[in-house]
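Here is a briefing for a reader coming to this protein for the first time. Look over the sequence and the model, then work through the topics below.

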Amino acid sequence: DEQQEQPKWFSEAELLGQTTMSQQNGYEGADAWDPLKIAELVDKKKTGSGQSATGWSFDHIKDLFYYEPTVIEPLTEILQRIPWGVLDEEAKSLLFFGRGTALWKNKEHTDLRPIGCLHPLLSIVGNIVNRNAEEMIESIVGIKQLGGRVHGSAEIAPHLLRAILQLHPDWVVLHRDAINAWGNIHKWAMMAATALSMGGSAFQSYAQWELGGAAPRLAFDDPSTGTTQVVEVVEGCVQGGNISGSAFNIAQAMVTRTVYKIQIEKIREDEEEDIIALYDDNYIYGTPRMTMLRAKLMEEAMKEIGVTYHTEKKRQMYGYGEWEQYAENDKQMAREMSIEWIRSEGGLKVSGAPVGSDAYEQKKCMQTVQKIEQQIKRLQTLVSSQQTTVTKCLRQWVFAVIRLCMPSQFNHLLRAVPPSNTRKAAQRLDKILTDFVQWLVHIEADETTSPTQKQIAKIIIQPISRGGMGIAGSE
């Protein structure tokens, strides 16, 4: 039988166990960590984090640093040992004895996402290791990989692709939905990629430590069956780990670079094409034929490291060009690849934000507001159906839900869509929220008398003893 050909970038797999430094030598030759940076990291962490299996949480570390600041320096020395594995086996076992929770990814309860709650010391170490390797990671994954590297990447990606399509009306952008990429990517691929590209670094050593070893197991109660389920996480990233995103990006970048280098001559055209990525969310853009051929090669290469894509759904391609201007053989190729080619008057979602014609973007923004309106109506029904007196405490709770949850659903679109296409939806949302708050605080108004925002704010902020809701204004 013919042996299946290995990915060409992985032909150096024998280097996995032959990095330039042993873990012990790596630790001894590494630069000392700054205790002040550790203290700063802990101080900036928000309170209210979950506890690990040992009972420790970030809140405990914050309290420890606040009341016993003398421990920061010796603890920093201990933390620096962790990525190199320079610890006894008992300490390693305690650190990796973690908790997890299972989040269902669909209503049918057929697919779940295990989320780890790591020991807070591991979270600190992962954060520092990742931060110290930022420049090296960027040189590997490239500037077009926005996930985990650029703040606000979810808002930047829609603007970038929108600008590219406006500059090149004959180009398209293609998006395919990966099947649980973070849970299916092979661990050997991530460990090999970090060893080949970052061998001898603290990041590489810690990646081998976190990704290697026995597969973690997650036990949880399944309410749909009334039984206890046990899931063994054989492949994929530690979701909740600080280096998981970077490890995924590095493995994907190695494959992407191979696709662009080795087989580029077979499909090269005059026009340029490229990829904008948010972790596994890849948006390939360029001329239609080049884009589809590149996507096909990418899928074949990513399959070898465990990442596959939906073949019958969630494959969408969009461009601003008129339908008639595109070649018939390109349209046929899209049909053969099960790609939905969206007409110019439509659009597609990029990291949750609409990118397309003005009418499409305005429609999607308005649909989000309508969804919020339905949620508010259900909340209003809940308050009205109370059999007892609606207390100010309940009104406070409802107002807090409205303030924290409702506008935030629209904030992403306000940042990712041009103001000209969000204006009408934003105005409608303002009116919906104002009307509901007026109803909540019992402000009477008719067509001739409308309360001002100042009057509404006064009712909300003034103390309960004086007829208000007692909600203090933010400082």
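The points below go from the whole chain to single residues.

The model is predicted. The protein chain has 475 residues, and 44% of them count as buried. Its secondary structure comes to 20 helices and 11 strands. Among contacts with a separation of 6 or more, 70% join residues 24 or more positions apart.

**Aromatic pairs**

- The structure holds 8 aromatic pairs.
- One of them joins tryptophan 182 and phenylalanine 248, and this pair is stacked. The ring centres lie 5.9 Å apart, with 20° between the planes.
- This pair links distant parts of the chain. Tryptophan 182 is in helix H9 (residues 181-184), and phenylalanine 248 is in helix H12 (residues 244-262). The two residues are 66 residues apart.
- Phenylalanine 248 has a relative accessible area of 0%, so this residue is buried.
- Tryptophan 323 and tryptophan 341 form an aromatic pair of the edge-to-face kind. The distance is 5.3 Å centre to centre, and the angle between the planes is 80°.
- Tryptophan 323 sits in the loop between strand S8 (315-318) and helix H15 (328-336), while tryptophan 341 belongs to strand S9 (residues 340-342). The pair therefore ties together parts that are 18 residues apart in sequence.
- Tryptophan 341 is buried, because its relative accessible area of 10% is under 20%.

**Cluster and charge over a ring**

- Trp182, Phe248 and Tyr279 make up one aromatic cluster.
- Which ring does the charged end of arginine 176 sit over? That ring belongs to tyrosine 309, and the charged end is 4.4 Å from its centre.

**Helix crossing**

- Helix H2 (residues 35-44) and helix H6 (residues 120-132) have axes that come within 11 Å. These axes cross at roughly 115°.
- The crossing of H2 and H6 is right-handed.
- On the H2 side, Ile38, Leu41 and Val42 make the contact.

**Cysteines**

- How many disulfides does a search of the whole structure find? The search finds 0 disulfides.
- Cysteine 365 lies in helix H16 (residues 358-384). This cysteine is buried, with a relative accessible area of 0%.
- Setting aside neighbours within four places in sequence, cysteine 365 is in contact with Phe410, Leu413, Val417, Asn421, Thr422 and Ala425.
- Cysteine 365 and alanine 425 are 60 residues apart in sequence. In space, the two are 6.0 Å apart, C-alpha to C-alpha.
- Is cysteine 405 buried or partly exposed? Cysteine 405 is partly exposed, with a relative accessible area of 38%.

- Asparagine 180 is not a glycine, yet it has a positive phi of about 45°.
- Asparagine 180 is in the loop between strand S3 (172-176) and H9. Its relative accessibility is 19%, so asparagine 180 counts as buried.
- Serine 351 has a positive phi near 45°, and this residue is not glycine either.
- Where is serine 351? Serine 351 is in the loop between strand S10 (347-350) and strand S11 (353-356).

- Glutamate 304 lies in the loop between helix H14 (288-303) and S8. Its relative accessibility is 29%, so glutamate 304 counts as partly exposed.
- Glutamate 304 and valine 255 are 49 residues apart in sequence. Their C-alpha atoms are 9.3 Å apart in space.
- Leucine 75 is part of helix H4 (residues 72-81). This leucine counts as buried, at 15% relative accessibility.
- Leaving aside neighbours within four places in sequence, leucine 75 is in contact with Phe65 and Leu121.
- Leucine 75 and leucine 121 are 46 residues apart in sequence. C-alpha to C-alpha, the distance between them is 9.5 Å.

Notes. Residues are numbered from 1 along each chain as its sequence is written. This is a predicted model: local features need pLDDT of at least 70, side-chain atom pairs count only at pLDDT 80 or more; totals for chains, interfaces and linings use all residues. Side-chain values use heavy atoms; hydrogens and water are left out. Rings of Phe, Tyr and Trp (its six-membered ring) pair if their centres lie within 6.5 Å; planes under 30 degrees apart count as stacked, over 60 as edge-to-face and the rest as tilted. Helices (H or I, at least four residues) and strands (E, at least two) are DSSP runs, numbered from the N terminus. Buried means under 20% relative accessible area, exposed over 50%, partly exposed in between (1.4 Å probe, protein chains only). A charge sits over a ring if NZ of Lys or CZ of Arg is within 6 Å of the ring centre and within 35 degrees of the ring normal. A disulfide is a pair of cysteine sulfur atoms within 2.5 Å. Axes are lines fitted to C-alpha atoms, for helices over the stretch in contact, and angles run from 0 to 180 degrees between N-to-C directions. A crossing is left-handed if the near helix is turned anticlockwise from the far one by less than a right angle, and right-handed if clockwise. Contact means heavy atoms within 4.5 Å.
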